[in-house]
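Please look over the sequence and the structure shown here before reading the report.

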Amino acid sequence: MKLMGLRKRRFNEMDLLFKNISEQAVERYNHRYQKHGFNVLSLGWGSVEQQEYRFSQTLSQYDPSTKALLDIGCGFADYYDYLKRQNCKPERYIGWDINHHFIAKAQERYIEDSRVILQENDLVDLECQAPLADVGIMLGLLNYNLKDPIKNYNYSMQMIAKAFGLVKEMLIVDFLSVHKIQEYPEEDFVFYHDPALILEEALKLTPLVQLKHDYLPIPQREFMLVLKKCL
Ligand SMILES: C[S@@+](CC[C@H](N)C(=O)[O-])C[C@H]1O[C@@H](n2cnc3c(N)ncnc32)[C@H](O)[C@@H]1O
C-alpha cells in the first residue's frame, strides 16, 4: 500500500548532520544485529520484560484497538506483537525503521497480516504533507549520546516535531532521564534528557502535553512525553 502525503525532501546543513546521525545508527544496530540476531539485545534493550514494561506504559494513554498507529523506529515491530497479545490490535499498524535487517525481519513476521505496513524509512528524510496515522509511537530513538548536549536537544526536538506532524491525535515518545537512579552506573554512550527542558520545548509545539516520569527504572530511569493535537 502506498502512503499518501509523504515526500522526500531536499537537505539543508542541519539535515546533513542528522543524516550522519542516521548513518551511525544504522552501523550501530547492524553491529548488534550481527552479534545477537533477532533478539531485543539487538535493539539495545536489556530484556523482553523491560521492553514490554515500557510498552505497557503507553497503554494508559490511549486505546490502540480503535486507532491507526505509526511506530517510528519500530525495530522488529515487537510493539505490534505486544498489542496483539494484549488483545488491542490497532486498526492499522505502520512500522518504520531505518535498519534494513530489522524491517526485513518484521516483514517476515507479519507477512500475512493485512493490517501491517512495514517500511524501511529514515524519519530524517521525510516531510509530512498530511498525517498518516492517529497515534505515533517513538520508543528508544532519542537515546544516543551525540557528545554535545545542544546537538542532542536539537536532534530530539526536530525528530519530535517531524513525528508530531505525521499524526492526527497524539505522539508518545520516550527518553532516559537526567534524574538517574543511584544503583545503576551512568553510561557514556547514552544521552540523559532533562524532563523539564523537554517539556518546555514540547509546549512550543502544542499546549497539550503530558509528562510521565513515574514508572519503574528499566534498569535506568526513563520518562515519556505525550503530545496531543488541539482538536
Ligand atoms: C532502541 S531501538 C527501539 C525499537 C522499538 N521501538 C522497540 O521499542 O522495541 C531504536 C530503533 O530506532 C531506529 N531508528 C534510529 N534512528 C532512526 C530514524 N532516523 N528513522 C527511523 N528509525 C530509526 C533504529 O534502527 C532502532 O530500530
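The report below describes the ligand site and then the salt bridges.

## Basis of the model

This is a predicted model, in which local features need pLDDT of at least 70 and side-chain atom pairs count only at pLDDT 80 or more, while totals for chains, interfaces and linings use all residues. Residues are numbered from 1 along each chain as its sequence is written, and side-chain values use heavy atoms, with hydrogens and water left out.

## Surroundings of the ligand

The ligand is surrounded by 19 residues, each having a heavy atom within 4 Å of it, and the closest are Leu43, Gln51, Gly73, Asp97 and Asp122. Helix 1 (13–36) and helix 2 (48–58) each contribute at least two residues to this shell, helices being DSSP runs of H or I with at least four residues, numbered from the N terminus.

## Polar contacts and burial

Oxygen atoms of the ligand lie 2.6 Å from a polar side-chain atom of Asp97, 2.8 Å from one of Gln51 and 3.1 Å from a side-chain N or O atom of Trp45. The protein buries 98% of the 590 Å² that the ligand exposes when taken alone, with accessible areas coming from the Shrake-Rupley method with a 1.4 Å probe.

## Salt bridges

There are 15 salt bridges in the structure, a salt bridge being a side-chain nitrogen of Lys or Arg within 4 Å of a carboxyl oxygen of Asp or Glu. One of them joins Arg109 to Asp78, with the closest N and O atoms 2.7 Å apart. This pair links distant parts of the chain, as Arg109 in helix 4 (residues 100–109) and Asp78 in helix 3 (residues 78–85) are 31 residues apart.

How values were computed. Polar contact = N/O pair within 3.5 Å; in protein donor to acceptor, adjacent residues only side chain to side chain.
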